[in-house]
Amino acid sequence: PSRSDTSMWGRGVFLFFYLCAISYLALTSRQLKYDVYIVRGGLRLTHSTDFLPWLGFQVYNAVPFLQEFRVLTDWTVTVTSLNFFMWMKLEDAHQSLYRTTCDMQARRMLPRAAKRTFREKLLQGVLLLS
């Protein structure tokens, strides 16, 4: 049922959501005006932490000079103000963030404050030292 005496201006919650929607539209229009938009660029394998993209990322990193070739190709065909070495640093930071995201995703599967297993200590600690 609609009531003619109910106004959005009298209700704080409705006014808040209205102002949020208007702010969103205003900021989006400014982004479009100045060509600022979200682009999921970079290496497509880093867009998901699922097993297959992660495995593809590991293979990609194992092939010598493949990363440098891809980054050089991307830099060559992209309109940018960065020089090649800055572009390499940007790509390196993006891949480091992806690795950290994968690590944090794996840590979520373990109980909080879980001790490292003896097997892990043996394989990563003792064998790397010997």
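This briefing describes the salt bridges of the structure shown above. The model is a predicted one. Across the whole structure, a search finds three salt bridges. Arg70, Asp74 and Glu91 are joined in a network of such contacts, and a further salt bridge pairs Arg116 with Glu120.

**Arg70 and Asp74**

- Arg70 and Asp74 form a salt bridge in which the closest N and O atoms lie 2.6 Å apart.
- Both residues belong to helix 3 (residues 66–77), where a spacing of four residues places them about one helical turn apart.
- Arg70 is buried, because its relative accessible area of 13% falls under the 20% limit.
- Asp74 has a relative accessibility of 23% and counts as partly exposed.

**Arg70 and Glu91**

- The side chain of Arg70 also meets that of Glu91 in a salt bridge, with an N to O distance of 2.7 Å.
- Arg70 is located in helix 3 and Glu91 in helix 4 (residues 84–108), so this pair ties together parts that are 21 residues apart in sequence.
- Glu91 is buried, with a relative accessibility of 7%.

**Arg116 and Glu120**

- The side chains of Arg116 and Glu120 form a salt bridge with an N to O distance of 2.9 Å.
- Arg116 is partly exposed, at 42% relative accessibility.
- Glu120 is likewise partly exposed, its relative accessible area being 24%.

Key. Residues numbered from 1 in each chain as written. Predicted model: local features only at pLDDT ≥ 70, side-chain atom pairs only at ≥ 80, totals over all residues. Heavy atoms only, no water. Salt bridge = Lys/Arg side-chain N within 4 Å of Asp/Glu carboxyl O. Helix = DSSP H or I, 4+ residues; strand = E, 2+ residues; numbered from the N terminus. Buried < 20%, exposed > 50% of the residue type's maximum accessible area, 1.4 Å probe, protein only.
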